[in-house]
Amino acid sequence: MDEKIMQLQKMIDESERIVFFGGAGVSTESGIPDFRSKDGLYNKPDINFAQYPPEYLLSHSCLMRNPKIYFEFHRQKMDTRKSEPNEAHKYLAKLEETGKLIGIVTQNIDGLHQKAGSRKVFEIHGSALRNYCMKCGRTYDVDYIFDSKEAIPYCECGGMIRADITLYEEGLPDQAVSDAIGAISTADMMIIGGTSLTVYPAAGYVNYFRGKNLVVINRDPLNIKIGENVLVIRDKIGEVFSQLRV
């Protein structure tokens with residue numbers, strides 16, 4: 001077993017309150033692309049996504065000003081209904097069963113942690129598996145927007161139906177943020193995985209960690225400095241977790 005993997009295992013064994021903070025890299029191993037990469041994205045003849053920055057395509061401005069473009073992008077890039085949890089999701093679900101893992105703070109909107117069996121999941125960017133009417137608040141199932149034949153989905157009341165995800169220019173969900181910060185601030189170990197901590201304010205939540213063991217598992221280096229005594233493993237998170245025991 002690799003020395004760093006052994007060190008990670010030792011940290012997990014000696015910890016009692018572990019929090020996992022994950023980003024897009026957790027889901028890419030399930031075949032879900034990072035939305036910032038538009039490579040291979042199918043463009044309809046009347047919609048050229050290449051002319052828009054990825055951040056705009058997932059912004060409140062795009063939803064309100066160019067809803068046809070927004071919903072086409074949403075249908076093509078956010079449909080993860082057939083995606084399955086990978087080794088990272090499965091390991092974390094098992095770790096939660098032991099009582100050691102007190103929470104998963106995720107920036108992903110695919111629901112794969114819950115699909116793997118995790119229950120203490122704080123979705124700080126919401127979920128594409130929930131839809132609601134912006135006018136009356138009526139809820140719609142996961143299939144509604146993806147299967148709708150209308151370019152822009154509307155409710156019977158005339159309101160636009162959208163996914164319950166946090167877009168750029170929108171505030172994060174209060175309860176999920178509160179739960180996430182609470183878990184991070186009381187954890188004795190924090191594992192940051194599949195994220196370079198680019199997206200704020202979510203990335204700033206790691207500053208609430210005051211525990212002993214801090215681990216970063218990511219193929220790319222972080223964009224911010226988070227301390228000196230940090231175990232850094234530059235690898236795919238699923239491959240790392242597959243070498244660990246619960």
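Reader: Which residues have the most contacts inside the largest nonpolar core, and how many residues does this core have?

Author: In this predicted model, the largest nonpolar core has 25 residues. Those with the most contacts inside it are Phe21, Val105, Ile124, Ile184, Met190, Ile192 and Tyr205.

Reader: How many aromatic pairs does a search of the whole structure find?

Author: The search finds six aromatic pairs. In one of them, Tyr70 and Phe71 are arranged edge-to-face, at 5.1 Å centre to centre and with 85° between the planes. Planes over 60 degrees apart count as edge-to-face, which means that an angle of 85° falls in that class. Both Tyr70 and Phe71 are buried.

Reader: What geometry does the pair of Tyr140 and Tyr144 have?

Author: Tyr140 and Tyr144 form a tilted pair, with 4.5 Å centre to centre and 50° between the planes.

Reader: Why is Tyr140 classed as buried, and why is Tyr144 classed as partly exposed?

Author: The general idea is to compare the relative accessible area with a cut-off: buried means under 20%, and exposed means over 50%. Tyr140 is buried because its relative accessible area is 11%. Tyr144 has a relative accessible area of 30% and is therefore partly exposed.

Reader: Which residues form one aromatic cluster?

Author: Phe20, Tyr91 and Phe241 form one such cluster.

Notes. Residues are numbered from 1 along each chain as its sequence is written. This is a predicted model: local features need pLDDT of at least 70, side-chain atom pairs count only at pLDDT 80 or more; totals for chains, interfaces and linings use all residues. Side-chain values use heavy atoms; hydrogens and water are left out. Rings of Phe, Tyr and Trp (its six-membered ring) pair if their centres lie within 6.5 Å; planes under 30 degrees apart count as stacked, over 60 as edge-to-face and the rest as tilted. Buried means under 20% relative accessible area, exposed over 50%, partly exposed in between (1.4 Å probe, protein chains only). A nonpolar core is a set of buried Ala, Val, Leu, Ile, Met, Phe, Trp, Tyr and Cys residues joined through side-chain atoms within 4.5 Å.
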